[in-house]
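These are my notebook entries, written while I looked up one part of the model after another. I kept them in the order in which I checked things.

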Amino acid sequence: MATVEPRDVTAVLQPGFVGTDVPPWVRSAHAEGLVSVCLYGDNVWPAGGVAEVCAALRRELPGVLVAADEEGGDVTRLHYPGGSTSVGNAALGRLDDPALTRRVAAGIGAELAALGVGLDLAPVVDVNSSPRNPVIGVRSFGDDPGLVARHAAAWVEGLQGTGIAACAKHFPGHGDTVADSHHDLPRVDAPPEVLRERELVPFRAAVAAGVACVMTSHIVVSALDADRPATFSPTVLGVLRDELGFEGVVVSDALDMAGASSGTGIPEAAVRALAAGVDLLCLGSATGPELFDAVRAAVATAVADGRLPAARLAEAAARVRALAERWAAPAPVGGSPGPLPVEAVTPALTLSAEARTFAVDPAPLAVVQVRGASNLAVGSVAWGPAALGVTVAEDEVPAGARVAVVGRSVDAGHPAHAVVDRLRARGHRVVLVECGWPRAAVDVVTWGASPVLAHALLAALGAPSPRQRASTP
């Protein structure tokens, strides 16, 4: 029976917790070897509070590596739930200026450093080759591997230049999927040569740029391993280590997602991920003491029984500790570049010929935003023009106004189409705006739903915009 080192078991776990106070069980785990915790929307009050919870973590868990999903654009934790001040990846890809991408990432890094968050679980470097992808979409820089690769490298360089560790995700590529791994187990059935020419290209660029971490995806990539999701596949992770030459920390996507643990439970998923080659196990947003202890017990039992080699656990723990030693205490960065000005963002938008003539129509503009569901990666974050407080209800549109009807994931069955039809029947000139990745014919695509893109939308449509928010969380 192998000897189990309890502090190694604890070191490879990255729990989340609910609320803005550090729970007693997290403090106890830190005393027993906990190296990293992850922040989620559950840690922020409706009116803010991320600074308070970060201060509590620094005060009560000295030396801990705090992680967060701060992608910019639609996915934000620093600006949850009001919406990010940063333009997202798809818009940056449309602008295709790596220096601009580097600046945006440096701005995010400056914010994270000010709060003491040392690991950013970003950037997304998936190639969004499926326009119906329900979870990646505008979180991707685009659908061209070369474009995604150069912006992945720029983002990593910009972020890590501020002293914050980056994490390229979701290996080996979540872009060619039509299912959300939060709810299902997606598959990518592309042949090996397509994987290497498409999915792996941005990850190769991120590794070459020195990315500190790579996050696995809970998807089956049949050309590499037809039976196991990437997080649990030594074959897939072998490609990352041996073919791409990555020597940093492999982080799992959250193990509370259905694609990881719906059939086994989180403790067993944790064991399988470690055995496959994952170093740091992201447990999810509401871990709790019972689940945390259950995962620790499962890992310890697997080592004792020989299912998980003690050397594999020790290797993972050593990598995680080295990551924390280097990145856990970022120094505040002076001179943050701040959010991009609107005039730098508006060229990213796509406008039809009708939208361009609509923009110079002298009639007053009304904006109607049609509510739509968001995925769990985004959460309940304000989006589109509604985040700026400039929208009106459909029945409040004044006579004679031209109207922008705004939606997200506007496919053929989206309710925004009915709103457009009703407003046109009342005599209004109407354009349809997509704030996500386009799935159907629309008049305007903003390539993201963050408030900074809402400002750009208003500018593109020839309307005055409210004052843009400052970049402090």
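Entry 1, a term I needed first. A polar contact is a pair of N or O atoms within 3.5 Å, and within protein one of the two must be able to donate a hydrogen and the other to accept it. I also reminded myself that this is a predicted model.

The backbone oxygen of W383 lies 2.9 Å from a polar atom of the side chain of Q369. Is Q369 buried or exposed? Buried means under 20% relative accessible area, and Q369 has 18%, so I wrote it down as buried. Leaving out residues up to four places away in sequence, I listed what Q369 touches, namely W383, G384, P385, A386, T391 and V406.

I looked up the secondary structure and noted 16 helices and 15 strands. The radius of gyration is 22 Å, close to the 23 Å that the globule rule gives for 473 residues, so the chain is as compact as a globular protein of that length. Along its principal axes the C-alpha trace spans about 80 × 50 × 40 Å. Of the 473 residues, 61% are buried. When I turned to contacts with a separation of 6 or more, I found that 77% of them are accounted for by residues 24 or more positions apart.

Which residues of α8 are buried? In this helix, residues 234-243, I noted V236, L237, G238, V239, L240 and R241. The cover over these buried residues includes the strands β5 (165-171), β7 (213-216) and β9 (249-251), and also the helices α7 (192-208), α10 (266-276) and α12 (310-327). After α8 comes G245, whose phi is positive, near 75°.

I looked up the bond that joins Y80 and P81, and it is cis, with omega about 0°. P81 is found in the loop between β3 (65-68) and α4 (89-95). A cis peptide bond also joins K169 and H170, where omega is about 5°. H170 is found in strand β5, and β5 is among the elements that cover the buried residues of α8.

The phi of D96 is near 50°, a positive value in a residue other than glycine. D96 lies in the loop between α4 and α5 (98-115), and at 31% relative accessibility it counts as partly exposed. S409 is also a residue other than glycine with a positive phi, near 55°. I placed S409 in the loop between β13 (402-407) and α15 (416-425), and with a relative accessible area of 29% it is partly exposed.

Key: Residues numbered from 1 in each chain as written. Predicted model: local features only at pLDDT ≥ 70, side-chain atom pairs only at ≥ 80, totals over all residues. Heavy atoms only, no water. Helix = DSSP H or I, 4+ residues; strand = E, 2+ residues; numbered from the N terminus. Rg over C-alpha atoms; globule rule 2.2 N^0.38 Å. Buried < 20%, exposed > 50% of the residue type's maximum accessible area, 1.4 Å probe, protein only. Contact = heavy atoms within 4.5 Å.
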